[in-house]
Amino acid sequence: MGNEILEFECSAIDAQGSFLPEYTGYGQDISPRFVISNLSPAAKTIAITLEDMSHPIKGFTHWVIWNIPALDIIEKAVPAGKSIAIQGNINAKQGIAYGLHRYAGPKPPRGKSHIYRFTLYVLDCEIDLSANVFKKSLLKKAAGHIIQKGEISGEFTAR
């Protein structure tokens with residue numbers, strides 16, 4: 001893996017580090033927009049995971065997607081489905097997260113606060129993998145192809 005940290009902004013998390021309700025299971029439950037500021041020229045694709053860092057199952061996955069074109073902007077509201085088109089690339093895949101092939105935003109029990117983490121992985125290739133896999137399989141297949149990585153965390157309290 002390259003040692004360059006990926007710098008990006010995520011529309012789901014405000015300046016105070018809180019998840020905005022629109023992007024949660026209590027709101028519209030849509031994936032956020034990502035704006036990347038230092039994408040490597042060697043980048044071919046991007047993979048994204050969203051994990052609940054406070055869940056009893058450590059790193060419980062809420063979203064896993066890969067083969068997103070390596071662009072500076074990933075628009076919000078990625079549609080559900082195993083294979084989807086994102087900004088012209090029809091090879092994008094969503095693996096199994098929360099038992100689904102889609103973004104599943106934060107949804108802690110009412111009255112509870114959880115920390116959620118987006119991780120963006122920049123890869124030097126497309127990943128040839130069935131959508132019927134979990135995050136662990138994606139990361140294993142991507143090992144050796146990750147040239148940049150960045151993370152952002154946000155807290156969400158269910159009211």
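Let's start at Ile48: leaving aside residues up to four places away in sequence, Ile48 touches Phe34, Trp63, Val64, Ile65, Ile68, Ile74, Phe118, Thr119 and Leu120. Keep in mind that this is a predicted model.

Several of those names come back once you look at the largest nonpolar core, which has 31 residues. Ile48 is among the residues with the most contacts inside this core, along with Phe19, Phe34, Ile46, Trp63 and Phe118. Which elements give two or more residues to this core? They are strand 2 (8-10), strand 3 (34-36), strand 4, strand 5, strand 7 (83-86), strand 9 and strand 10. Strand 9 gives the most, with 4 residues. As a rule, nonpolar side chains in soluble globular proteins tend to be buried together.

That isn't the whole story, though. There's a second, separate core of 13 residues, and Leu123, Val133, Leu138 and Ile146 are included in it.

Leu138 takes us to helix 1, which spans residues 135-142. Its buried residues are Lys135, Leu138 and Ala142. Looking down the axis of helix 1, you'd find these buried residues within an arc of 65 degrees, so they line one face of the helix.

What do the buried residues of helix 1 pack against? Their partners are strand 4 (45-52), strand 5 (60-69), strand 9 (113-123) and strand 10 (146-157). Over on the other side of helix 1, Lys136 and Lys140 are exposed. Finally, just after helix 1, Gly144 adopts a positive phi of about 90 degrees.

Terms used: Residues numbered from 1 in each chain as written. Predicted model: local features only at pLDDT ≥ 70, side-chain atom pairs only at ≥ 80, totals over all residues. Heavy atoms only, no water. Buried < 20%, exposed > 50% of the residue type's maximum accessible area, 1.4 Å probe, protein only. Arc of directions from axis to C-beta. Contact = heavy atoms within 4.5 Å. Core = buried A, V, L, I, M, F, W, Y, C linked by side-chain atoms within 4.5 Å.
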